[in-house]
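Dear colleague,

Please find below the structure that I am handing over to you. My findings follow it, arranged by helix pair and then by individual residue.

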Amino acid sequence: MSLTEPFRLLAFLLGTLAFVGFNAAYLVLVERKGAARIQRRPGPTEVGYAGLLQPIADGIKLLSKQLIVPPGADATLFRVAPVLVLAPALMCLATIPFGESLVARNINVGLVMVFAFGSINVMAIMLGGWASRNKYAIISAARIVSQDVAYEIPMLLVVITLLMITGTMDLQEIVRQQAGGFWNWNLFRLSANPLMPVTFVIFYICMLAETNRAPFDMAEAESELVAGAFTEYAGMGFGVFFMAEYANIVVGCCVATLLFLGGWQSPIGLWPGVFWFLVKMYALVFSVIWIRWTFPRTQFYNLLNLSWKILIPVSLFILLLSAVMIKIFRV
Amino acid sequence: MKNSLGEIVRGFTSLLTGMRVTLAQSFKPTVTVHYPHESLKMPARFRGHIELVRDPETGQSLCIACKSCEKACPSNCLFVEGLKREGEKRKSPTQFSLDFTKCSLCGSCVEVCPTDALRFTRNYNLAGTDKSAFLYDLLKRLQTEGR
């Protein structure tokens, strides 16, 4: 370890924190603006030029509110839960390569680490709901668990398919294999498996469900229910959950970009760099927002049916198909 | 098997259609009027609270204090008093007040008026901190607005 290593890590820590904070704050604005555009409204316009300072105003408002712990609630767990939701997203970003050399810590099992920390999110929301001592929060927390468990399975099956094709869990190596142009991306790697685009769609749907986004957000259902598992949270406790939602979307879109869309590789084979990674990642983030304001919320039974009756069988079939193709063509 | 696969494909294409619709909508111009900064012009038949019409010749009200409006009002929100001044052929109002808290904007007063001395305003920006803000002295309103 060289002398500069601690400084490098500190720089990455600060960078990651700033990146997540900035994204969480400004994606809320992008979401509101996006929703407004789709509904032919202008969205926030009053705070700053074109509403650009709105997230800061929202943040100040949330910070100035009292953090109320409901009587009889488990105060420690209640306070820890928001942190536990946000922290895994930050951890995941440590191993995500933004560019050829721009990664906090590249490890050869980076993909496993991302999914391991991604799963903590579920437990933290459940803790939050449980510690609130509120029946609505507990019911909603139970729903979140069954939803996320149901969607973890097809997601991991899809990722295993991808791992069999790439043969590595090193995220940088996975991206390096996709160099050259968009026809080399895993999304279009039809020689390995003709159903690769379907794989991407399954991954994307699972990512929406894992991050509890519309149309799979009946756990929170802000337009009908109170706030699901976050019912009892006030002020910045709720704010952190809110930030975590967007941080998790960013992490999910980062992973989707790395696994399927060639990470920092250029789609036309020219000038690979961080720029392309951000373009692809934010395009995915935009599509997440677009989907939220297009589709109504699904029913809970339909949500589970979609996972157990469609996504899991299809992803199992894709897994078997790619296994067979690897056996036949690559012996 | 074949049916359910077809269902998945049909469902997926319908989702894409929905996304195309919302994307197309998002490129159309917004329809919002930024209310405090700009406001819509009220249509000609909008019913705000009533006001007295000015006689273009004399600059005074057309009202002859006949009290038909007072009688016609179903919620008793008009109070009219008048007297016959020297050298005038008709009576003229000395008091014409409206309790807008009771008014239901039915328009009976406007309809019944024999000299067409009443009309609706297009005033909708009404707010007050107590009830007395909505007790309008329409005669005074006519006089102060003239200047």
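At what angle do helix 7 of chain A and helix 10 of chain A pack, and how many Å apart are their axes? The angle is about 140 degrees and the axes are 11 Å apart; axes are lines fitted to C-alpha atoms, for helices over the stretch in contact, and angles run from 0 to 180 degrees between N-to-C directions.

Some conventions come before the rest. This is a predicted model, in which local features need pLDDT of at least 70 and side-chain atom pairs count only at pLDDT 80 or more, while totals for chains, interfaces and linings use all residues. Residues are numbered from 1 along each chain as its sequence is written, and chains are lettered from A and ligands numbered from 1 in the order in which they are written. Helices (H or I, at least four residues) and strands (E, at least two) are DSSP runs, numbered from the N terminus.

Helices 7 and 10 of chain A

Given that angle, helix 7 of chain A and helix 10 (residues 300–329) of chain A are oblique to each other; angles under 35 degrees count as roughly parallel, over 145 as roughly antiparallel, 65 to 115 as roughly perpendicular and the rest as oblique. Their crossing is left-handed (the near helix is turned anticlockwise from the far one by less than a right angle; clockwise would be right-handed). Val198(A), Thr199(A), Ile202(A) and Ile205(A) of helix 7 of chain A are in contact with Leu311(A), Val314(A), Ser315(A) and Ile318(A) of helix 10 of chain A, contact being defined as C-beta atoms, placed from the backbone, within 7 Å. This contact has six nonpolar, two polar and no charged residues; Ala, Val, Leu, Ile, Met, Phe, Trp, Tyr, Cys and Pro count as nonpolar, Asp, Glu, Lys and Arg as charged, and the others, Gly among them, as polar.

Helices 4 and 5 of chain A

Helix 4 (residues 110–131) and helix 5 (residues 135–166) of chain A pack at about 165 degrees, with their axes 7 Å apart. Helix 4 of chain A is therefore roughly antiparallel to helix 5 of chain A. The crossing of helix 4 and helix 5 of chain A is left-handed. Residues of helix 4 of chain A in this contact include Leu111(A), Phe115(A) and Trp130(A), and those of helix 5 of chain A include Asp148(A), Glu152(A) and Val159(A). By class, the contact of helix 4 with helix 5 of chain A comprises 13 nonpolar, three polar and two charged residues.

Helices 1 and 9 of chain A

Helix 1 of chain A (residues 5–38) has 34 residues and should span 50 Å at 1.5 Å a residue, which agrees with the 47 Å between its end C-alpha atoms; the expected span is 1.5 Å times one less than the number of residues. Helix 9 of chain A, with 19 residues, reaches 27 Å from its first C-alpha to its last, close to the expected 27 Å.

The axes of helix 1 and helix 9 of chain A come within 10 Å and cross at roughly 50 degrees, and these two helices are therefore oblique to each other. Their crossing is right-handed. Leu27(A), Val30(A), Glu31(A) and Gly34(A) of helix 1 of chain A make the contact with Val285(A), Ile289(A) and Trp290(A) of helix 9 of chain A.

Among the buried residues are Val20(A), Leu27(A) and Glu31(A) in helix 1 of chain A, and Trp276(A), Lys280(A) and Val285(A) in helix 9 of chain A. A residue is buried if 20 or more other C-beta atoms lie within 10 Å of its own, exposed if 12 or fewer, and partly exposed in between. The cover over the buried residues of helix 9 of chain A includes helix 1 of chain B.

The interface

Eleven residues from chain A and eleven residues from chain B form the contact. On the side of chain A that touches chain B, helix 1 and helix 9 of chain A are the elements giving two or more residues.

Individual residues

Arg40(A), in the loop between helix 1 and helix 2 of chain A, has a positive phi near 60 degrees. Arg40(A) counts as partly exposed, with 14 C-beta neighbours inside 10 Å. Lys67(B) has a positive phi near 65 degrees.

With kind regards

Note on methods. Contact = placed C-beta atoms within 7 Å.
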